[in-house]
Amino acid sequence: MKVLAVLSQKGGVGKTTLATCLAVAAEQAGKVAAIIDLDPQATASFWKDVRQLDTPAVASIQPIRLPAMLKACADAGTDLVIIDGAAVARDVAYEAARHADFVLIPTKTAVFDTMSMTHTLDVVRQLHKAFAVVLTFVPPQGQETGDAIKAVTELGATVCPVTIGNRKAFFRAQAAGQAVQEFEAHGPAANEIKRLYEYTDIQLYKNREVV
C-alpha cells in the first residue's frame, strides 16, 4: 500500500479537489483507493455524502487515529490511501507527512500563496519526505504562473510538471460528488488530473524517504 498526502497549511488551494480526483483516478487505473479526511471542515466527507457510488471509501478521523486507520486500510487490501490534510494545523501536516510515501503541496500562483506554503515545506523537509509543489487555479494567461514557478524554485522546492487550471468543471464536479474526469471525461480538467495521477504514481513507487 502507498500513501499520498495532499498538504497545505493555506486554505482554499484545492487540497480536497485533488485528493478526491486522484482517488477516482486510481480506481480508474484498477486500484483500490481510500481517502482519509483529516480536515475539521470534512469537505471530502461531504463530497462522499452526495456521491452516488460506494467508492472510494472516505473516513473522517482525528490525526491521532491515523496510524490505526492506515493499518485498517492495509489489512483491507487498499492499494492507495490519499490523506486530505487540514489548513493551518501544523501538527496535522506533520502527522500526515510522517506516514506519507509522497507529498503533494498545492498552491495558487499568487505571490502571497506561494510564500505562505513555506511552513508546509518546513514540515516535509524536517521529515525528509519526497514532495512536489503543484500549482492550482492557474489562470489561462498572464505572468503569474511563471512568477510562481520562479518563486517555488527559489525556495528550493520541486515543481510538479503538471499544473491545474482554474476551471469551472472542478467546482461543478465537486458539488455533484464526482471527480472531474467523471463529470467531463474528455475535458481539459480531466486531462490535467490524468497527467497528475500518472506523475504521482511514478513518485509513489520511488524511495519512501529522501535524504
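Q: How much space lies in the second largest cavity?
A: The general idea goes like this: roll a probe the size of a water molecule over the atoms and you see where empty space is left. Bear in mind that this is a predicted model. Here the second largest cavity holds about 40 Å³ of space.

Q: And which residues line the second largest cavity?
A: Look for Lys2, Lys31, Asp79, Leu80, Tyr197, Asp201, Leu204 and Tyr205. By class, that lining splits into 4 nonpolar and 4 charged residues, with no polar ones. The biggest contributor is α10, with 3 residues.

Q: How many cavities of 30 Å³ or more does the structure hold?
A: There are 2. The largest has about 90 Å³ of space, and its lining includes Val13, Gly14, Thr17, Leu18, Phe170 and Phe171. Both α1 and α8 supply at least two residues there. The class count for this lining is 6 nonpolar, 5 polar and 1 charged.

Q: Now the pockets. Which residues lie nearest the centre of the largest pocket?
A: Gly12, Gly14, Lys15, Thr16 and Thr43 do, out of 16 lining residues. The pocket's space comes to about 290 Å³, and its lining divides into 5 nonpolar, 8 polar and 3 charged residues.

Q: Which element gives the largest share of the lining of the second largest pocket?
A: That's α10, with 6 residues. Along with α10 (188–204), α1 also supplies at least two. Among the lining residues are Ala25, Gln28, Ala29, Ile193, Lys194 and Tyr197. This pocket has a volume of about 150 Å³, and its lining counts 6 nonpolar, 3 polar and 2 charged residues.

Q: Let's turn to the packed parts. How many residues are in the largest nonpolar core?
A: As a general point, nonpolar side chains tend to be buried together in soluble globular proteins. In this model the largest nonpolar core has 35 residues, and those with the most contacts inside it are Leu4, Ile82, Phe102, Leu104, Val180, Ile193 and Leu196. The largest share of this core, 8 residues, comes from α1.

Q: Pick one of those. What is isoleucine 82 in contact with?
A: Setting aside neighbours within four places in sequence, Ile82 is in contact with Leu4, Val6, Ala19, Leu22, Ala23, Ala34, Ile35 and Ile36. Apart from this core lies another, of 30 residues, including Met69, Ala93, Ala100 and Leu121.

Conventions
Residues are numbered from 1 along each chain as its sequence is written. This is a predicted model: local features need pLDDT of at least 70, side-chain atom pairs count only at pLDDT 80 or more; totals for chains, interfaces and linings use all residues. Side-chain values use heavy atoms; hydrogens and water are left out. On a 1 Å grid over the protein atoms alone, a cavity is a set of points where a 1.4 Å probe fits but cannot get out, and a pocket is an open set with protein on both sides within 12 Å along at least five of seven lines; lining residues have an atom within 4 Å of a point. Grid points are joined across faces, edges and corners, and a volume is the space filled by probe spheres set on the points. Ala, Val, Leu, Ile, Met, Phe, Trp, Tyr, Cys and Pro count as nonpolar, Asp, Glu, Lys and Arg as charged, and the others, Gly among them, as polar. Helices (H or I, at least four residues) and strands (E, at least two) are DSSP runs, numbered from the N terminus. A nonpolar core is a set of buried Ala, Val, Leu, Ile, Met, Phe, Trp, Tyr and Cys residues joined through side-chain atoms within 4.5 Å. Buried means under 20% relative accessible area, exposed over 50%, partly exposed in between (1.4 Å probe, protein chains only). Contact means heavy atoms within 4.5 Å.
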